[in-house]
Amino acid sequence: MPKTNFKAIISKIIVFYSVFYVVMKLIAILFEDAWALPNLIIALPFLLFAIIGGLLMKNDNFSWVYVVVGILVISAIRFYEARWVIELHEYFN
């Protein structure tokens, strides 16, 4: 039975999801007239995960800490995203 490196697989999923999320937020801001500042603030953790994950992939060094924190942060942001975007928009306007 071949050995599967779940840590590497989940890390790559987090990286690709983070890159996709940031790109989609930028498209929404540029072409759909979404609120720029709240959406950019919400996208910052994803950008950070994409950069850190890219460095981990480059060095072929994966960490369970990255996986667990990534899953928790991404889940929390996605769960509260709509509320936080509205609250940030009201705060800055």
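What follows is a walk through a predicted model, from its overall layout to its helix packing, its core and a few individual residues.

Let's begin with the chain as a whole. The protein chain has three helices and zero strands, and its pattern along the sequence reads α-α-α. Taken along the principal axes, the C-alpha atoms fill a box of roughly 55 × 25 × 20 Å. Of the 93 residues in the protein chain, 28% are buried. The contacts also tell us something about how the chain is connected: among those with a separation of 6 or more, 76% are between residues 24 or more positions apart.

Now to the way the helices meet. Two packed helices are described by the angle between their axes and the distance between the axes, and each pair can be taken in turn.

Start with α1 and α2, whose axes are 8 Å apart and pack at an angle of about 150 degrees. Because angles over 145 degrees count as roughly antiparallel, α1 is roughly antiparallel to α2. Their crossing is left-handed. On the α1 side the contact includes I14, V15, F16, Y17, V19, Y21, V22, L26 and I29, while α2 contributes residues including L40, I42, A43, F46, L47, F49, A50 and M57. Both glycines G53 and G54 of α2 take part in this contact too. By class, the residues of the contact of α1 with α2 are 18 nonpolar, four polar and two charged.

Next come α2 and α3, with axes that come within 7 Å and cross at roughly 160 degrees. That angle makes α2 roughly antiparallel to α3. Here α2 passes α3 in a right-handed crossing. The residues of the contact of α2 with α3 divide into 18 nonpolar, four polar and two charged.

The remaining pair is α1 and α3, whose axes come within 10 Å and cross at roughly 35 degrees. The crossing in which α1 passes α3 is left-handed. From α1, the residues making the contact include F6, I10, I14, V15, Y17 and Y21, along with K7 and K25; from α3 they include W64, Y66, V67, I71 and I74, together with R78 and E81. By class, the contact of α1 with α3 has eleven nonpolar, three polar and four charged residues.

With the packing in view, what lies inside? In soluble globular proteins, nonpolar side chains tend to be buried together. In this model the largest nonpolar core has 15 residues, and I14, Y21, I42, F46 and Y66 are those with the most contacts inside it. The helices α1 (6-31), α2 (36-59) and α3 (64-92) each supply at least two residues of this core.

Which residues does I42 touch, leaving aside its neighbours within four places in sequence? The partners of I42 are Y21, I77, E81, W84, V85 and L88.

D33 lies in the loop between α1 and α2, and its phi is near 55 degrees, a positive value in a residue other than glycine. Is D33 buried or exposed? With a relative accessible area of 68%, D33 is exposed, because that value is over 50%. The loop between α2 and α3 holds D60, which has a positive phi of about 55 degrees although it is not a glycine. D60 is exposed too, with a relative accessible area of 61%.

L37 is placed in helix α2 and is partly exposed, with a relative accessible area of 42%. The C-alpha atoms of L37 and N5, 32 residues apart along the chain, are separated by 38 Å. H89, in helix α3, tells another story: its C-alpha atom is separated by 9.0 Å from that of A36, 53 residues apart along the chain. Leaving aside its neighbours within four places in sequence, H89 is in contact with W35 and P38.

Conventions: Residues are numbered from 1 along each chain as its sequence is written. This is a predicted model: local features need pLDDT of at least 70, side-chain atom pairs count only at pLDDT 80 or more; totals for chains, interfaces and linings use all residues. Side-chain values use heavy atoms; hydrogens and water are left out. A nonpolar core is a set of buried Ala, Val, Leu, Ile, Met, Phe, Trp, Tyr and Cys residues joined through side-chain atoms within 4.5 Å. Buried means under 20% relative accessible area, exposed over 50%, partly exposed in between (1.4 Å probe, protein chains only). Helices (H or I, at least four residues) and strands (E, at least two) are DSSP runs, numbered from the N terminus. Contact means heavy atoms within 4.5 Å. Axes are lines fitted to C-alpha atoms, for helices over the stretch in contact, and angles run from 0 to 180 degrees between N-to-C directions. A crossing is left-handed if the near helix is turned anticlockwise from the far one by less than a right angle, and right-handed if clockwise. Ala, Val, Leu, Ile, Met, Phe, Trp, Tyr, Cys and Pro count as nonpolar, Asp, Glu, Lys and Arg as charged, and the others, Gly among them, as polar. Angles under 35 degrees count as roughly parallel, over 145 as roughly antiparallel, 65 to 115 as roughly perpendicular and the rest as oblique.
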